[in-house]
Amino acid sequence: MTEEPYRWLEAVGNRREYVREQLKGGSPVLGASLPDGILLLGIGGGQSKVFELFDRHALAGLGHPADIEKIRQAAIDAAHMESFTRAPEDVSLRRLIGFGLSPQLKTNFEQIFSAPFLVELLLAEIGSSQEHDLFSRLHFDGSFQNQHGGIAVAASDADAESAATTWLTEANVPAKPRGQAAEFLLQAWWCLSANKSFAALPPEEERRNGWREAVRGKTVEIGWLARTTPRLARYQTLTLANLDL
Amino acid sequence: MSQRALIAGDFLSLLDEHKLPPFRHELSGAAPVQTQATTVFAFHFADGILMAGDRRATAGNVIVTDRVDKVIEIDATSLLAIAGVPATAFEMARVLQTSFEYYRRSQLQALSLPAKVRALARLLRDNLPMTMQGIGVVVPLFAGLDHSTSPASPRVYFYDPLGAQFQAVGYAASGSGSGTIRSILSFQEQHGKPRPSQMNLSQAVQFALRLLMTASEFDSATGGVNPATETFATLKVLKSTGVETISEEQQKQFLKS
């Protein structure tokens, strides 16, 4: 009996390794809080990476499409129930993650006889200003980090994710117009996908050509949460042409 | 409300699962004084559909307020004009707003126009016990975009209190002042120069405001339009590109022009 806890710890450790192995090679997703709104970007094979959740909320993720779908649906259900029983203004990302998605993911991850969720997620909530924008980086085991404004990246490799975030932040992307910011996010996406080191990046020309070549035959999914619109629903889907790219 | 099976993208199923039906049908021993009475209407003009409503709510012979918005944007391509008991009508609007957006977001496609039209019919049927008691009757108008044509065509529907839906060819009106409105619209449709369907936006807004002014002359439960007291209507336009609101400032300008 005394060895049971150790077996459980070992099983959870193995599970963590398994999930990380499965997520390797997943196409990263990126977000930037800009003066006029929040830009979310992912490159996939269709409508599979970036989604609207609610009036002021959106989700981007990598991982198994079926698992992203389950979490997306759970978030949409919870947000709409909250909106209907209280008010749209009461739907908050902090509560959605902290009291809804995170506990569910943690419970699922620790139930070692059921399949774990193969996901890494980035959720966004548009605020009245960049300082009030909220990103939540939600991991497959239910752990999460919230941050106001700035840059947020979800990738399968934590070090590369951190390096990309630092590079985009140092490039002052949150102060740039939407089209320029998207160009930077696409370059960062290419560097992450092609395993380029952010410490010794290729020249800008190569980065620009790199992402254009890499997205050929794929779908560039761009979600935009507008800071001010006449409507409650702030989310819209953009194309590269909308951004002059 | 009977228990529904969970249907993908159906918000009412989700409410049922959480035991939160939007309309509860407990019978009332004594009917309360109802807040109601209205004039709402919609007609086709050159750019799409104009939907208008006065802003008065009454309870018996008491004017409750002159600041009610009876034309409600349900989503980016749908409008609802409510006539009848506001408590029920606003709840129906809220159910529709949440249902349409829930479907669009969860199923990654917008609900079709026939499904939207039937969703409102279903709510009216669910409200039948309140309608039969005479304390919850709602007779709305609905406008939406038909995406089976290119570009998308705006359409107007009217309902009876039991939920039967009818597509309006040129115009539709509801509420206590609708008789006056229908007479004028019918006349204008047959003899007007221009006919409503030929009017540009400026002409259509002027026409709509004058219709409400006339309706308020004959129906005390219809709030009028009076630029001197800054009393205007709720006006929304549905074009093939979606919903636009005609603000009070725009109404003032159109009336002057």
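Colleague: Which residue in β10(B) does B:F158 stand opposite?

Modeller: B:F158 stands opposite B:F166. Please keep in mind that this is a predicted model.

Colleague: How many bridges are there between β9(B) and β10(B), and in which sense do they pair?

Modeller: Strand β9(B), residues 153-159, pairs with strand β10(B), residues 165-168, in the antiparallel sense over four bridges. The two strands form a hairpin with five residues between them. In the turn, B:G163 has a positive phi of about 110°.

Colleague: Which strand forms the other hairpin with β9(B)?

Modeller: That is β8(B), and six residues lie between the two strands of this hairpin. Strand β8(B) covers residues 141-146, and its pairing with β9(B) is antiparallel, over six bridges.

Colleague: What is the bridge partner of B:A143 in β9(B)?

Modeller: The partner is B:V156.

Colleague: How many of the seven residues of β9(B) are buried?

Modeller: Five of the seven are buried, and the strand is described as mostly covered.

Colleague: Let us turn to B:K239. Where is it found?

Modeller: B:K239 is found in strand β12(B), residues 234-239.

Colleague: Why does B:K239 count as buried?

Modeller: Its relative accessibility is 18%, and buried means under 20%, so B:K239 counts as buried.

Colleague: What does B:K239 contact, leaving aside neighbours within four places in sequence?

Modeller: B:K239 is in contact with B:D47, B:L145, B:P154 and B:E244. With B:E244 there is also a polar contact of 3.5 Å between the side chains. Of the strands discussed above, β8(B) spans residues 141-146 and β9(B) spans residues 153-159, so you can look for B:L145 and B:P154 there.

Colleague: Next, B:T39. Is it buried or exposed?

Modeller: B:T39 is buried, with a relative accessible area of 0%. This residue lies in the loop between β1 (35-36) and β2 (40-45) of chain B.

Colleague: Which side chain is joined to that of B:T39 by a polar contact?

Modeller: The side chain of B:T222, at 2.5 Å. Beyond four places in sequence, B:T39 touches several other residues, including B:A52, B:D54, B:S178 and B:L212.

Colleague: Finally, chain A. Which residues make the nonpolar surface patch of about 360 Å²?

Modeller: A:Y6, A:W8 and A:L9 make that patch. A:L9 lies in helix α1 (residues 4-23) of chain A.

Colleague: Why is A:L9 called exposed?

Modeller: Exposed means over 50% relative accessible area, and A:L9 is exposed because its value is 53%.

Key
Residues numbered from 1 in each chain as written. Chains lettered and ligands numbered in written order. Predicted model: local features only at pLDDT ≥ 70, side-chain atom pairs only at ≥ 80, totals over all residues. Heavy atoms only, no water. Buried < 20%, exposed > 50% of the residue type's maximum accessible area, 1.4 Å probe, protein only. Pairing = 2+ DSSP bridges. Patch = residues over 30% accessible without salt bridge, like charges linked within 9 Å, V, L, I, M, F, W, Y side chains within 5 Å. Areas by Shrake-Rupley, 256 points an atom, 1.4 Å probe, with all protein chains shown as cover. Salt bridge = Lys/Arg side-chain N within 4 Å of Asp/Glu carboxyl O. Polar contact = N/O pair within 3.5 Å; in protein donor to acceptor, adjacent residues only side chain to side chain. Contact = heavy atoms within 4.5 Å.
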